[in-house]
Every structure is written in C-alpha cells, then in structure tokens.
There are 4 protein chains.
Amino acid sequence: MVSEIYKKGETMKGYVLEDINQASWRDDLPKPVAQDDEVVMQPVIVAPCTSDVHILETLAFPTMKGKPLGHEVAGIVHEVGSRVKDFKPGDRVAISAAAIDWERPEAQDGYGKYNMISPYASTDPRLMGCFAEYYLVPQADLNLAHIPDEVTWEQAVALTDMATTAFEGVEWLEIKYGETVVVYGIGAVGLMAVCAAVLKGAGRIIVIGSREVSFEVAKAYGATDFVNYRDGDVIEQVLTLNGGPVHAVVVCGGKGVSAISDAVQMVCLGGRVTNVAGHMADETFTMPNIAWGFGMSDKSIRSVMCRGGRANLERLLALVKYGRFDPSKIVTHVYHGMEHIPRALEQMGGRDRTAIKPAVFLE
Amino acid sequence: MVSEIYKKGETMKGYVLEDINQASWRDDLPKPVAQDDEVVMQPVIVAPCTSDVHILETLAFPTMKGKPLGHEVAGIVHEVGSRVKDFKPGDRVAISAAAIDWERPEAQDGYGKYNMISPYASTDPRLMGCFAEYYLVPQADLNLAHIPDEVTWEQAVALTDMATTAFEGVEWLEIKYGETVVVYGIGAVGLMAVCAAVLKGAGRIIVIGSREVSFEVAKAYGATDFVNYRDGDVIEQVLTLNGGPVHAVVVCGGKGVSAISDAVQMVCLGGRVTNVAGHMADETFTMPNIAWGFGMSDKSIRSVMCRGGRANLERLLALVKYGRFDPSKIVTHVYHGMEHIPRALEQMGGRDRTAIKPAVFLE
Amino acid sequence: MVSEIYKKGETMKGYVLEDINQASWRDDLPKPVAQDDEVVMQPVIVAPCTSDVHILETLAFPTMKGKPLGHEVAGIVHEVGSRVKDFKPGDRVAISAAAIDWERPEAQDGYGKYNMISPYASTDPRLMGCFAEYYLVPQADLNLAHIPDEVTWEQAVALTDMATTAFEGVEWLEIKYGETVVVYGIGAVGLMAVCAAVLKGAGRIIVIGSREVSFEVAKAYGATDFVNYRDGDVIEQVLTLNGGPVHAVVVCGGKGVSAISDAVQMVCLGGRVTNVAGHMADETFTMPNIAWGFGMSDKSIRSVMCRGGRANLERLLALVKYGRFDPSKIVTHVYHGMEHIPRALEQMGGRDRTAIKPAVFLE
Amino acid sequence: MVSEIYKKGETMKGYVLEDINQASWRDDLPKPVAQDDEVVMQPVIVAPCTSDVHILETLAFPTMKGKPLGHEVAGIVHEVGSRVKDFKPGDRVAISAAAIDWERPEAQDGYGKYNMISPYASTDPRLMGCFAEYYLVPQADLNLAHIPDEVTWEQAVALTDMATTAFEGVEWLEIKYGETVVVYGIGAVGLMAVCAAVLKGAGRIIVIGSREVSFEVAKAYGATDFVNYRDGDVIEQVLTLNGGPVHAVVVCGGKGVSAISDAVQMVCLGGRVTNVAGHMADETFTMPNIAWGFGMSDKSIRSVMCRGGRANLERLLALVKYGRFDPSKIVTHVYHGMEHIPRALEQMGGRDRTAIKPAVFLE
C-alpha cells in the first residue's frame with residue numbers, strides 16, 4: 001500500500017520524536033506525494049512552539065511518536081493533487097497550526113476547528129510534523145493560505161499559531177471601543193494578543209510578565225501598562241493600577257492554570273475572560289466562589305483554541321500586508337539551516353530569557 | 001429626618017429578619033412614602049425564594065437585618081411620587097427581583113443589573129423586603145412593569161425572579177434552532193429554563209432532577225428526556241442518552257457548585273454552560289483540566305444573574321399574555337392571608353418534596 | 001465523456017423545462033451515477049415552489065433549460081460514491097434547496113450559502129432538478145441530512161426550502177423574548193416564519209395576508225393578530241392594532257418589493273427587517289427617506305437567502321422530531337404519482353386560493 | 001415660571017437661529033440654572049456641524065427657532081444641580097451630540113439613543129444649542145463625560161459628534177480581522193470612520209472622496225486606497241481596485257442617498273452596509289433589485305445614529321488618552337473668540353475645499 005502513496009524510493013529528512021525527551025534526525029522518511037485535494041509544500045521557515053517542547057518532554061500526543069515534530073511553517077508549494085484548484089507549484093503559502101477536516105458537518109456551524117487533521121491529532125502516518133524537508137497539507141484549497149508579496153517569511157510563520165491563537169482569544173473578548181484589557185502572560189502568543197486587542201479597539205492594555213524583552217515588544221505593540229509577577233500579587237497590582245476591575249482578560253500563559261481564577265478576580269461584573277494557554281493534564285483549575293460572585297456575577301470564562309482555515313489566515317495575512325501590525329517583532333532569533341532546529345527548540349524551552357520566538361530557515 | 005420620609009404615625013406590618021434563623025412579625029414598621037421617582041406598591045401576592053431561606057439561615061446579607069424579607073412580588077400601585085410618569089394608583093404591577101439603579105453609567109452598556117438597589121443589596125433603611133403591607137420601588141418608571149389584564153397574579157409573581165433569572169441564563173446560551181440543551185436542576189428556576197429553552201428553539205431538552213412533581217411540570221413545559229440523580233452519575237447518563245455531548249447546559253441548582261464541572265463535561269467542543277444558581281461562599285468550584293480540554297476546547301462558562309428593569313419584565317409579561325408559556329404551573333401551593341408566609345418559607349426550604357413554589361396572597 | 005459519468009444505457013424520467021412556459025415529460029434523461037463524494041437519491045416526495053413557477057414563466061435561470069425542474073425533495077439513498085462516509089443505500093434523507101459547494105473558503109466564515117451548486121445555479125449538466133426519478137447530490141456528507149424516524153415525508157419536504165428559508169430570515173431578526181413581530185405575507189414560507197418566531201421567543205405575532213386558509217394555519221402556529229390587505233393600508237392597520245411600531249418584520253412575500261418599505265415604516269427605531277422573498281429583476285425597491293429616519297433611525301434591512309447544509313437541516317429536523325412544530329400543516333394537498341407534478345405546479349402558481357403547498361409522492 | 005428656572009436678571013450671549021438662512025447674535029438669552037440632575041457647563045470649544053448648516057438653511061428642526069445653534073461642545077462645569085454625583089464645578093467635560101433621556105424604559109435595551117433630549121429634538125425652551133456662553137446638560141451623571149488630562153480640547157470636541165457617529169456606524173459593520181472596508185465620503189465623520197475601522201481590525205481600507213486635504217488625513221489615519229469621484233463611476237473603481245466586491249461599506253456622506261445603493265453594489269454576498277449620513281427629506285433611496293440580489297443576497301443595510309451617553313463617550317476618550325488615534329487631525333482650522341462662529345459655520349458649509357472641520361475656542 002505504501003507504494004501507492006509514497007513515490008518509490010523517495011525519502012526525506014526530518015527531526016523525529018523518538019520517545020520522551022528523545023528526538024533525532026532521520027533521513028529515510030517517506031517523502032509524501034500529493035493526492036486528490038492535497039498539496040505537498042516545501043517548508044522555507046519553521047518555528048518551534050512551546051507545545052513542541054511539551055510533546056517532546058511528555059509525549060503528550062503519542063500519535064506523534066516516530067513522526068517529525070513541528071506545526072508552525074510557511075513555505076513553497078512543491079506538488080499539487082489533481083483536485084486542487086487555487087494553488088500551484090512555486091506559490092508562497094502558510095497554514096494554520098490547526099489543520100481542519102472541513103468534510104465534517106460540524107465545520108458548518110462555526111469556525112471549523114473541531115475536527116483537526118493535524119499530525120498530533122491524527123493517527124494517519126502520512127500526516128507528519130513540519131520539521132522536515134516536505135510537508136503534506138490535506139484539503140489544501142481550504143487549509144492553505146496564499147502569502148502576499150508584501151509579507152515576509154518571518155511574519156508569515158509568526159501568524160500560523162501565535163497569531164491565529166491570540167486573535168481568536170481576543171475576538172471572543174468582544175471588546176468595546178476603549179475598554180481596558182489585560183494580557184496575562186506575554187510570551188509570543190501574549191504579544192500577538194496585544195496587537196489583537198489594539199486592533200479590536202482596546203483603550204488601556206495592561207500586560208503581565210517578567211521578561212524585559214517581552215515588555216519592550218509589548219510596548220512597541222501598544223501595551224500601556226506593565227505588571228511584573230515579581231512585584232507581588234498580580235491581582236492587587238492590576239486593581240490598584242486601574243483603580244478597579246478591568247473589562248476583559250486574555251490568559252496567554254502566566255503561571256499555570258491559576259491564572260484563570262486570577263483573571264476572573266480582575267474583571268468587573270459582566271467581564272470576560274478567555275484562555276488560550278494550553279494547560280497540562282495534571283493541573284486542576286479552581287475557582288474561589290467569591291471570585292465569580294457566587295455564580296451571579298455575569299462573568300464569563302472561555303477556553304479558546306487556535307482557529308484553522310484558509311479564510312481566517314488569509315485575513316490575518318491581509319492585516320500584515322496593509323501594515324496593521326508586524327508579527328515579526330516576536331521573532332527574536334533567526335537561524336539559517338535545518339540543523340539549527342534542535343537549538344531553537346531548546347531556546348523555546350525557556351531557558352534563554354532573551355528569546356521570545358526563534359525561527360529557522362531550512363536553508 | 002424620618003419625619004420627612006415616613007408619614008407621621010403611619011406604620012405597617014411585616015415579617016422581619018431578626019437574626020440567624022430568627023424572623024418575626026412586627027407591626028410598627030414605618031410605612032414608606034413615595035417621593036420623586038418612587039412608587040409605593042401594595043403587595044397582592046408574594047412568593048418565598050430559596051435565597052430568602054438562605055438569608056434567614058445564614059444572614060448572608062447583614063443589610064437585611066431588621067427589615068422584612070422577600071423580593072418576589074406583584075401588587076397594586078398605592079402611591080406615586082411627583083416625577084413618576086407612567087404609573088398611577090390602582091395599576092397592577094410587578095418588579096424584577098433585581099431592582100436597578102439606572103442612574104449609574106454602567107447601566108448604559110448592558111442590561112442594567114450591576115447596580116442593585118434591592119433591599120438586600122442596599123443599606124438604605126427605606127428599602128425593605130416585600131413580605132410587608134407596603135413595598136417601596138425606586139425609579140419606578142424604570143423598575144416597575146405593567147401587568148396586562150390577561151396575566152394572573154400567580155403568573156406575574158412567578159416571573160419576577162424565577163423567569164427573569166432563568167430566561168437570562170438561557171438567553172446567554174445562544175441556542176441555535178434544534179440544538180440539544182440540558183437543564184441541570186429543575187426547581188422553579190430550572191422549570192422556567194425549560195420554557196425559556198423551548199422559546200429559543202431548543203430541540204431535545206434533557207432535564208436533571210429527582211422529584212416527581214418537577215419531572216411532571218418539566219414534561220408539560222416541553223422537556224423531552226429525564227435524568228434522575230439517583231440513577232447514577234449524571235454525566236454518564238446524559239452522554240449515553242444523547243449518544244454524545246450536548247450543545248449547552250444551564251445550571252439551575254442541582255447538587256451544588258460541582259454541577260458546573262459536570263456541565264462542562266457534558267457539552268461538546270464549542271459548547272456553552274451558564275450558571276444561574278447562587279452558590280455559597282464556602283463552595284469552591286473545581287474544574288478537572290481534562291473536562292475543559294486543557295483550556296483549548298472552546299467551551300464557555302458564564303455565571304448569570306437575574307435581569308432587572310421594566311423593559312425586560314414587560315417583555316416576559318407579553319410572552320405570558322400571548323400564551324407562549326404559563327409560569328403558574330410552578331406555583332404548586334397557594335395560600336391566602338399574610339400569616340401563611342412563614343409556612344410558605346418553610347416549604348420553600350425544601351423539606352416538602354411535593355412543593356415547587358408556594359405563593360401567598362396577602363389577603 | 002458522458003460514458004464516464006452516466007451508466008451506459010441507463011435513463012430516467014423527469015419533468016423538464018423546455019422553454020418559457022413550456023415543460024414536458026422526458027424519459028430519456030441520463031440517470032446520474034454517484035461518484036466520489038456524491039449520492040444519488042430516489043425522490044419519494046417533492047414539492048413545487050413559487051420559484052419553479054417563476055422559472056417556468058420567465059426562464060429566469062437559463063441554466064435550467066433542458067433540465068428537470070424542482071428543488072424541494074426528500075427521498076431514499078439509492079447509490080453512494082466511494083468517499084461518502086455517513087450515508088448508505090436505503091437511508092431516508094432530505095436536502096436544503098440551497099446545495100452548497102463547501103470546498104470554497106468562503107464557506108468557512110459563515111453559514112455556507114455563497115457557493116451554490118444547485119441545478120439552477122450551476123451549468124453542470126449532471127446537476128438536474130428533483131422532478132425526476134433520480135437526483136444527484138454532490139458533497140453528500142455535507143449537504144444531505146438524515147431524516148429521523150419520527151419525522152414524516154410531508155414534514156421533511158416542507159423543511160427543505162420553506163423552513164430553511166423562513167427560519168434563516170427570523171434568526172437574523174435577533175428577536176428578544178416577548179418582542180412583537182410582523183410576518184408580512186403568509187404563504188408557505190410566511191407560515192414557517194410564524195413557527196420560527198414563536199421558537200425564538202416572539203410575544204405578539206401579527207400576520208399580514210388575505211387567504212382564509214393561511215390565516216387558519218397561522219393561528220394554529222401561534223399568530224395572535226391578523227391583518228388583511230383588503231382592509232386598507234397595512235402600515236396603518238399594524239400601527240393601529242399594535243398601538244405603535246413593532247420590533248421586527250420578516251417579509252415573506254406580500255405585494256412585491258414595496259413590502260420592504262412598508263416594513264421599514266412599521267418598525268420602531270432600532271427595528272429590524274429581513275426579506276426572504278425573491279423579488280423579480282424589474283422591481284426596484286424604493287425607500288421614502290422619512291421611512292427610515294433620514295438614514296438615522298438605527299433601522300436595518302437584510303435580504304436573506306435559504307441556508308444550506310446538513311448541520312442546519314438536521315437541527316430543523318430535530319425540532320420536528322421533538323415536537324416543537326409541525327411543518328406539514330402547510331401541506332394542504334398531497335398527490336400520489338409523479339404525473340401529478342404539473343398539476344401541483346399549477347396550483348402553486350396561485351390560482352387556487354385554498355392551496356398553500358401541494359406535495360407529490362412519486363409513487 | 002421663568003423666574004423659577006432662570007436666575008433673575010442673568011442673561012447670556014448666543015448665536016441664535018432666527019429663521020431660514022438667518023442667524024444673529026443675541027445677548028439677552030436667559031442663562032440656565034442647574035436643577036436636580038442637571039449641570040450648566042461653560043463651553044470652552046465648539047464646532048459647527050453640517051447639520052447646523054442644514055438646519056440654518058432649511059429650518060429642518062423648527063424647534064430650534066429662537067435658540068442658539070450648535071451641538072458639538074466641550075467645556076468646564078459651571079454649576080451642578082443638587083442630585084449630581086460625579087461632577088463638580090471646574091471639571092473638564094464633553095457631551096455626545098445625542099443627549100439622551102435615560103429615564104425611559106427604551107434605554108434599557110440598547111444603547112440609549114431613542115429618546116433624545118437634545119435642543120433640536122426637544123420643545124423645552126431651556127434646552128438650547130451650545131453656541132452660547134452657557135449650556136444646560138440634563139441627567140448630567142449619565143450624559144456628561146470626564147475629559148482625561150491627556151486629551152486636548154480639540155480632540156474632545158472632535159469626538160462629540162464626528163467620532164460618536166462614525167464609531168457607531170463602524171461597530172455595526174461587525175468587521176472581522178483583515179476584512180476590506182470602504183469608507184464612502186471622507187468629511188470629518190468619514191475620517192473618523194477610517195480610525196474606527198482600523199481599530200476594529202480592518203485590513204484594506206478604501207476611501208472615496210475628492211478633496212486633497214481629506215485624502216491626506218485619511219492616509220495618516222490608515223486608509224490604504226483612494227478613489228476619487230471625479231475619476232469615474234465609484235462602483236467600478238472599487239470593484240476593479242479590489243479585484244471584486246468588498247466586505248463592508250460605511251456611508252458617511254458621498255453624493256447623497258444614492259451612495260447607499262452604490263454601497264450595496266460594492267459588497268459581497270453577506271456584506272454589510274451602514275449609513276451614518278443624514279439624508280434630506282426629499283431624497284428617496286432607490287435600490288435596483290439586482291444590486292441586492294433580488295432580496296436573496298444576505299446583504300444588510302443599516303441606518304445608524306450617533307450614540308449618546310457618558311459610558312460610550314468616556315470609552316472613546318480613553319482611546320484618545322491611550323494614543324489609539326488622534327481625532328484632532330480633522331480639525332483643520334482653529335479660531336479664538338466666539339465671534340468666529342459664523343465664519344466657521346460658513347466654512348463648514350463646504351465652500352472652502354481646504355477645510356475639514358473648523359473649531360472655535362470661545363475665548
């Protein structure tokens with residue numbers, strides 16, 4: 001059967017998850033072939049994500065074992081399947097970290113994210129991560145996005161997960177013009193959330209973090225106030241700074257799941273909290289009853305996942321094209337050469353306090 | 001100063017919260033006088049609420065001490081202040097349990113419920129509960145509602161808290177036509193939530209409860225499926241019955257705050273949970289991380305309070321007038337004579353498993 | 001090429017649009033074959049639509065020439081393509097009149113109706129109308145809906161266009177509980193709009209029509225007030241009856257495009273008007289400036305098309321299954337035998353004032 | 001009676017509408033006195049509006065006859081009524097052009113704009129325009145807004161009508177991140193709409209105008225493409241430039257009411273059009289049927305009025321305070337001295353093609 005879906009003898013190189021805390025280079029991976037509605041893209045730039053680090057450290061998605069890691073990628077169309085209409089070899093393209101199965105009816109009601117066909121969510125061996133020479137995209141007309149000429153590779157790759165996640169979380173906040181918004185946690189996603197909040201009409205934007213490099217980018221993106229974990233209780237700091245509760249909080253990390261109850265305690269009656277941070281299996285989210293007004297505060301909490309789909313990603317690309325924000329400010333380190341992927345992954349692991357997001361050009 | 005706001009010598013009778021587990025009749029309460037934008041109404045029918053029971057048992061609102069209890073009432077306008085435009089003595093009127101201070105700018109953005117001037121939320125001694133011969137309503141043109149001729153007293157009083165609370169909770173569910181909704185807890189509020197769900201286009205409606213009397217009314221209101229706490233784990237029961245997760249849950253009581261994490265475990269990705277039950281100060285709401293998809297499930301949780309205001313209550317009264325639902329089915333016991341208020345309160349306390357909601361005509 | 005897509009020699013019978021005001025039976029139509037994601041269904045019941053009449057009288061969609069007419073159908077799965085997952089021969093199924101091309105990115109943002117692949121919107125000769133022995137459904141997993149056992153054939157066919165259109169128009173009205181809604185025009189779509197309004201919480205529902213048979217069904221569906229075109233100016237009648245403007249109007253026909261400016265004149269500041277009636281090319285919609293407050297009235301007008309898709313139609317089917325409404329009350333005439341299609345079409349043309357909607361069982 | 005509401009003998013100066021095309025200075029106007037919930041403010045800066053010009057030229061609001069003109073104003077609190085809580089003499093304040101009667105229940109459902117108590121909408125002789133030494137504000141706690149120190153007088157006055165109108169119109173467009181928006185007409189309101197669109201996440205912003213000065217400010221505010229009426233049919237220009245229809249259009253003037261049908265022809269299926277321009281009584285808005293898809297295009301048209309209220313205006317002031325946009329770029333001419341009001345009015349009348357918005361400091 002393999003002979004039908006991989007071209008005989010053609011292989012590729014990739015950085016493969018072998019086991020917990022073990023990843024290695026392999027050069028005998030089957031190079032994918034584009035069938036039907038599929039595209040095979042050639043990654044030009046990839047970026048490691050904290051969830052790659054997490055998967056590597058915990059094997060959280062056992063489906064990834066034996067596959068290349070990676071889900072943030074922009075590149076060039078290499079080969080198109082027979083049913084692909086809108087893409088051709090050579091096109092510059094990007095894809096949301098949440099590749100979606102649009103052939104399920106659930107996709108008709110919302111924003112198409114409830115049927116992931118990403119490598120980590122699928123047992124299909126053909127669906128591999130993007131830390132490899134080639135990357136297979138199913139339902140390409142619906143999942144790939146054209147990158148406009150005006151958008152750089154760094155900008156494009158920064159959109160694929162950091163912005164698709166952050167913008168989704170901020171959109172659900174339903175910000176009214178001039179409201180006060182807190183961005184809790186300002187790694188790469190949080191910084192994109194600052195941009196997203198500015199572009200939905202937030203007035204004051206208070207960010208919570210600890211690293212100088214992040215505060216600087218946050219300021220450049222439009223944050224107006226800065227709260228440091230190290231300066232004491234963040235709830236108190238925010239309430240004092242703002243002279244009372246804020247309208248909305250987007251939790252983008254921070255200090256684990258307790259950030260959510262912190263957030264609920266920061267917002268006013270009727271306030272909104274969205275969470276876009278992945279929290280780990282052994283964390284239990286606890287809400288002191290008084291924090292949410294004994295269940296009668298009109299406060300809402302929403303857990304939000306990265307949005308998939310071409311339409312959404314092409315709109316985010318349009319924002320960059322028309323100069324509304326520059327996602328590449330979060331890319332603090334750029335490497336040239338596939339061999340730097342392990343180093344970038346390690347950097348993303350957090351030991352380097354000057355790094356927000358590394359990106360790696362494969363060549 | 002008292003001489004200015006109470007007519008000299010005029011007193012009234014009321015059932016007063018004296019201390020924890022102590023309430024007594026007094027007949028020397030100052031009868032209120034309508035000033036400016038106020039109306040004094042004469043209660044015709046009142047109903048005890050579980051929160052009256054709770055306040056009596058715990059003194060949860062110390063501001064109520066020395067005041068008559070009660071906040072569910074419909075009656076007749078007795079006296080109007082000089083600035084009242086739309087009401088005159090003799091008018092049949094009702095008021096939401098959440099009387100609002102519309103003179104604060106917060107009321108401009110939403111639905112006016114974030115500045116309560118109800119007796120239990122206010123230190124103003126003139127604002128007393130409705131278990132008394134007279135009841136003062138501030139900002140009457142904005143807080144009182146006209147009762148149409150077609151609506152009975154029992155129907156009207158059932159709307160003031162049970163329906164204003166339940167309909168608000170269901171509205172926030174943003175039900176799409178034909179979705180499956182769970183009503184978790186079918187006391188009086190839960191039963192109103194069944195009506196509210198039908199009237200927002202729910203298809204299947206699964207109710208969770210244990211009392212026969214409630215199941216019967218739920219069925220009459222349009223519930224299609226019935227889950228009993230006593231038959232085992234409710235999450236499992238719902239998932240099995242429905243062949244998978246439901247779209248939305250409104251928590252109207254149930255077994256305390258843990259109902260919320262149960263609800264989150266019953267809904268699909270993108271599912272909505274609202275809570276309209278008041279939960280007590282010592283309860284801590286805990287969310288197993290897996291229940292809400294590690295923070296990436298697009299599930300939302302909203303705590304919702306009773307909506308105040310004339311516009312909303314007059315719309316609910318219109319629903320009854322035009323025969324869309326009959327809230328009086330929840331009124332299982334009707335008493336005539338003010339003296340029955342303590343007995344009705346006790347019944348509401350829950351020891352009588354045949355009672356959903358008692359109501360008391362003052363005469 | 002034909003040999004590839006039609007089985008050699010297999011033909012079917014259908015009622016074909018030949019030219020303006022000319023339709024005829026042919027029995028040499030190529031019977032479709034299900035490929036890939038397609039299903040071929042065997043119509044059990046079909047219903048003529050006013051737009052069939054219109055297409056026949058004006059050839060409004062020249063793409064239909066030479067094809068069987070018809071787009072309201074429920075039936076049985078006859079044959080499935082290799083990629084179809086959720087349907088098998090023998091299944092009872094229905095399809096929205098708006099079959100959608102879900103493979104275009106536009107479908108990702110909304111409700112999937114902007115890329116029709118219905119017979120009248122497509123030049124593909126394989127896509128024919130349903131007044132035939134077999135009917136081809138593309139992207140079947142996304143366009144077909146399973147009919148629950150509890151739902152009758154008459155109910156199912158009444159949903160496919162009448163309800164999918166009316167419910168969409170009413171959904172956009174964003175009715176608040178208890179608001180007053182006008183249904184302007186109570187043919188089959190208007191009557192479904194009455195149900196849709198009840199199921200979104202309308203209080204008073206005023207219908208405008210002229211035929212006794214429609215008024216009766218409207219009343220059974222929950223309309224509360226009845227305005228007859230013949231009794232004078234409808235705007236005046238509605239304003240007098242209601243004692244002022246209403247909250248929302250859904251235009252489902254009435255007296256042509258002028259119904260829209262009538263509707264705008266009936267609604268209050270902030271009021272909503274949706275139009276679900278197809279208006280003809282030579283009608284120009286004119287809005288007296290004063291009617292919409294010189295452009296400063298916060299009134300909105302929305303033209304709305306039938307929603308497509310399996311998810312939506314299966315939810316409407318759930319409403320019927322759970323007894324929320326019975327769409328078959330609009331089916332006033334039922335015929336048995338394909339040969340009655342022309343007669344049903346004629347009846348739909350409006351000369352029979354006792355007919356709302358005829359339906360034809362093919363056998 | 002006058003003796004009760006105006007202080008004996010105290011008069012003030014104002015620029016009074018006498019009749020069609022006649023306005024004159026009077027210095028014997030009764031100076032208002034703040035009662036109850038009222039504030040008397042001392043205008044520091046005022047701006048003429050095209051509707052002032054229109055009222056002067058046509059006496060469109062006969063209620064204004066004999067009163068000073070003007071409704072765009074920022075100033076200093078001069079005197080407060082006994083029930084005013086949040087303002088004191090000396091406070092810097094502004095007020096939306098739409099002063100609202102918050103004491104009507106209609107204000108509870110929406111955004112409080114359906115019960116205007118502005119001078120032009122009211123027959124109350126105490127409610128006069130702001131082109132005078134003093135200006136009476138009813139329900140001051142709900143209608144006045146505090147101006148933050150960081151906001152200049154020019155910025156504040158530019159918000160009171162130009163931004164409250166434009167932002168409202170753009171909010172109703174429900175822009176998704178990255179969508180393409182057309183601003184049709186770029187006078188002062190249109191330019192504020194460019195800012196509003198940027199701050200709701202528009203990608204490409206195409207503006208339609210003809211004056212160089214407006215194009216320059218539009219560009220500075222973030223417009224990306226520029227269409228000139230003089231270069232031919234604007235519909236064609238927009239469709240060509242964009243390679244197809246746009247997502248949304250806000251009509252802020254342009255060439256009269258026909259701009260609305262132009263706009264409908266520019267938007268895609270499902271597209272949104274809002275109109276914030278006041279159109280005159282003798283203009284009739286005509287919609288070619290094909291433009292809106294025969295009533296089946298899912299296109300919507302909304303007429304939108306300036307939003308009133310303290311909460312909204314204080315949020316817009318927060319946007320300026322936090323540097324999100326600078327409304328003072330539209331103030332092309334600043335005069336010092338009340339006597340310049342007639343000249344500013346004339347300039348607003350449109351004969352000066354270098355003027356967008358003049359403003360006049362009273363001293």
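**Briefing: folds, domains and symmetry in a predicted model**

Start with one glycine: leaving aside neighbours within four places in sequence, B:Gly254 is in contact with B:Tyr184, B:Gly185, B:Ile208 and B:Ala259. Two residues are in contact if their C-beta atoms, placed from the backbone, lie within 7 Å. The model is predicted: local features need pLDDT of at least 70, side-chain atom pairs count only at pLDDT 80 or more, and totals for chains, interfaces and linings use all residues. Residues are numbered from 1 along each chain as its sequence is written, while chains are lettered from A and ligands numbered from 1 in the order in which they are written.

**B:Gly254 in its loop**

- B:Gly254 sits in the loop between β11 (246–251) and α8 (258–266) of chain B. Helices (H or I, at least four residues) and strands (E, at least two) are DSSP runs, numbered from the N terminus.
- B:Gly254 counts as buried because it has 25 C-beta neighbours inside 10 Å. A residue is buried if 20 or more other C-beta atoms lie within 10 Å of its own, exposed if 12 or fewer, and partly exposed in between; C-beta atoms are placed from the backbone.
- From B:Gly254 to B:Gly66 is 188 residues in sequence and 31 Å in space, C-alpha to C-alpha.

**Chain A as a whole**

- Chain A has ten helices and 16 strands. Its radius of gyration is 20 Å, close to the 21 Å that the globule rule gives for 363 residues, so chain A is as compact as a globular protein of that length. The radius is taken over C-alpha atoms, and the rule is 2.2 Å times the number of residues to the power 0.38.
- The C-alpha trace of chain A spans about 65 × 40 × 35 Å along its principal axes.
- Of the 363 residues in chain A, 62% are buried.
- Among contacts in chain A with a separation of 6 or more, 72% join residues 24 or more positions apart.

**Two domains in chain A**

- Domain 1 of chain A covers 2–163 + 306–361, and domain 2 covers 173–303. These bounds come from an automatic or database domain assignment.
- The C-alpha centres of the two domains of chain A lie 29 Å apart.

**A covered helix**

- In helix α5 (residues 188–198) of chain A, eleven of eleven residues are buried. Among them are A:Leu191, A:Met192 and A:Cys195.
- The cover over α5(A) includes α4 (153–171), α6 (212–221) and β16 (357–361) of chain A.

**An enclosed strand**

- Strand β3 (residues 39–47) of chain B has eight of its nine residues buried, so it is largely enclosed by the rest of the structure.
- β3(B) pairs antiparallel with β4 (residues 72–80) of chain B over eight bridges. Two strands pair if DSSP finds at least two bridges between them. Here B:Ala47 stands opposite B:Glu72.
- Three bridges join β3(B) to β6 (residues 135–137) of chain B, also antiparallel. B:Met41 stands opposite B:Tyr135.

**Chains C and D**

- A rotation of 180° with 0.0 Å of shift along its axis superposes chain D on chain C (RMSD 0.0 Å). That is the relation of a two-fold axis. Copies are superposed by least squares on the C-alpha atoms of residues with pLDDT of at least 70 in both.
- In chain D, D:Thr286 comes closest to the rotation axis, at 2.2 Å (C-alpha).
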